[in-house]
Amino acid sequence: MGKKSILLPFTLFIVACSDIQDFDKPINYDYDLIADYQIKWNDIFKQNKEDYYLYFYSPTCGYCDQIKNDVISYFLNNKDDVYFVVDNDDFVIGSDASKTIGVDNIDSFFILGTPSLVEISDGKVTLNIAGVKNIKEYLF
């Protein structure tokens, strides 16, 4: 009977410590969490908000995968401000983001590639950046 009383607290300690280690594991979010906030390319200027972000990604993009958890985490804390646009061959790619600043229509708009983050304010593009490093620096 004495052995059980010594082993039980020790066993509980080991179980509790193993649960603590799970906190160190990175969270892996899935794009299913943002399904209700996905919009189509042609709808990016049609949102009924004054200011919002658009995150452009492709599920097959390695760079998008690197930043996926960070962007979804940001979204979970700022749901009203972020929309996701998934690549379905509608994306128009360009090379000089400064040409999109002030643009207020889809015909004059392009992104730099995936991942990209765009800010729309008062119906016009005010930010157009691409790449893991640039997006992380801007959001965090």
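The exercises below use a predicted model, and they go from a helix pair to a loop residue and then to a strand pair.

**Exercise 1.** Work out how helix α2 (residues 62-77) and helix α3 (residues 132-139) are arranged and which residues meet.

*Solution.* Start with the axes: those of α2 and α3 come within 10 Å and cross at roughly 15 degrees. Angles under 35 degrees count as roughly parallel, so α2 is roughly parallel to α3. As for handedness, the crossing of α2 and α3 is left-handed. Now look at the contact itself: from α2 come Tyr63, Gln66, Ile67, Asp70, Val71 and Tyr74, and they meet Val132, Ile135, Lys136 and Leu139 of α3. Sorted by class, that contact has 7 nonpolar, 1 polar and 2 charged residues.

**Exercise 2.** Find Asp81 and decide whether it is buried, partly exposed or exposed.

*Solution.* First, go to the loop between α2 and β2 (82-86), where Asp81 is found. Next, check its relative accessibility, which is 32%. Then look for partners beyond four places in sequence: Asp81 is in contact with Asp51, Tyr52 and Tyr53. Finally, Leu54 is 27 residues from Asp81 in sequence, yet their C-alpha atoms are 8.6 Å apart.

**Exercise 3.** Describe how strand β1 (residues 51-57) pairs with β2.

*Solution.* Count the bridges: 5 of them join β1 to β2, and the two strands run parallel. Last, consider burial: β2 is mostly covered, with 4 of its 5 residues buried.

Technical notes: Residues are numbered from 1 along each chain as its sequence is written. This is a predicted model: local features need pLDDT of at least 70, side-chain atom pairs count only at pLDDT 80 or more; totals for chains, interfaces and linings use all residues. Side-chain values use heavy atoms; hydrogens and water are left out. Axes are lines fitted to C-alpha atoms, for helices over the stretch in contact, and angles run from 0 to 180 degrees between N-to-C directions. Angles under 35 degrees count as roughly parallel, over 145 as roughly antiparallel, 65 to 115 as roughly perpendicular and the rest as oblique. A crossing is left-handed if the near helix is turned anticlockwise from the far one by less than a right angle, and right-handed if clockwise. Contact means heavy atoms within 4.5 Å. Ala, Val, Leu, Ile, Met, Phe, Trp, Tyr, Cys and Pro count as nonpolar, Asp, Glu, Lys and Arg as charged, and the others, Gly among them, as polar. Buried means under 20% relative accessible area, exposed over 50%, partly exposed in between (1.4 Å probe, protein chains only). Two strands pair if DSSP finds at least two bridges between them.
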